[in-house]
Amino acid sequence: MDTLGLARKDDKQTSHDGAEHIKPRLNDRKLEFMSGLRALGGRATAKEVASNVYPGEFAIFDSIRKRAIDCVRLGWVREVEPRECKVSGRKCTVYEIIEIARCEACGGEMVNGVCKRELEEESNG
Ligand SMILES: [Zn+2]
């Protein structure tokens, strides 16, 4: 399984309109959220990430928050203690990147010190 979402890179170009701002597809949005979050030190609110990745484009901030929730579901980030958001000024959920390390036993990915492969084997019975 492509757990990081990085392997499937679509090189096809939509060149018919030559627009410089082509709206990325959903999976790209997740990866953008991740790189935006990393750029902010790996810990930020969804709106802080959105304003960093798409400055001034408030219309899509809600969509970025949905991407944040997707990333939580995928195990790429986790929700930590809420604090005042620098963008909205309100108390917002803070997202933190879960660092991925390599398992010494199998070379697979580890999430928070637990081998993902072992977790999968466990859940497969
Ligand atoms: Zn392992």
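Trainee: Which residue in β3 does T45 stand opposite?
Mentor: T45 stands opposite V94 in β3. Strands here are DSSP E runs of at least two residues, helices are H or I runs of at least four, and both are numbered from the N terminus. Bear in mind that this is a predicted model: local features need pLDDT of at least 70, side-chain atom pairs count only at pLDDT 80 or more, and totals for chains, interfaces and linings use all residues. Residues are numbered from 1 along each chain as its sequence is written.

Trainee: Got it. How many bridges join β1 and β3?
Mentor: Three, in the antiparallel sense, with β3 covering residues 91–97. Two strands count as paired if DSSP finds at least two bridges between them.

Trainee: And what does V80 stand opposite?
Mentor: V94 in β3. Strand β2 (residues 77–84) pairs with β3 in the antiparallel sense over six bridges. Another bridge to look at is R83, whose partner in β3 is C92.

Trainee: What happens at G89, in the hairpin of β2 and β3?
Mentor: G89 takes a positive phi near 75° there, and the hairpin has six residues between the strands.

Trainee: Which residues is A44 in contact with, leaving aside neighbours within four places in sequence?
Mentor: L37, V49, V94 and Y95. Contact means that the C-beta atoms, placed from the backbone, lie within 7 Å. The C-alpha atoms of A44 and C85 are separated by 8.2 Å, although the two residues are 41 apart along the chain.

Trainee: New topic, helices. At what angle do α2 and α3 pack?
Mentor: About 120°, with their axes 9 Å apart; α2 is residues 46–53 and α3 is residues 61–74. Axes are lines fitted to C-alpha atoms, for helices over the stretch in contact, and angles run from 0 to 180 degrees between N-to-C directions.

Trainee: What do we call that arrangement of α2 and α3?
Mentor: The two helices are therefore oblique to each other. Under 35 degrees is roughly parallel, over 145 roughly antiparallel, 65 to 115 roughly perpendicular, and the rest oblique.

Trainee: Which residues meet between them?
Mentor: From α2, A46, K47, V49 and A50 meet F61, I64, R65 and A68 of α3. By class, that contact has six nonpolar, no polar and two charged residues. Nonpolar covers Ala, Val, Leu, Ile, Met, Phe, Trp, Tyr, Cys and Pro, charged covers Asp, Glu, Lys and Arg, and the others, Gly among them, are polar.

Trainee: What's the strand order in the open sheet of three strands?
Mentor: β4-β5-β6, with antiparallel pairing. β4 (100–102) and β6 (114–115) stand at the edges with a single partner strand each, so one side of each is left without a neighbour in the sheet. β4 pairs with β5 (residues 109–111) over three bridges, and I100 has V111 in β5 as its bridge partner.

Trainee: Last one: how many helices and strands are in the protein?
Mentor: Four helices and six strands.

Key: Contact = placed C-beta atoms within 7 Å.
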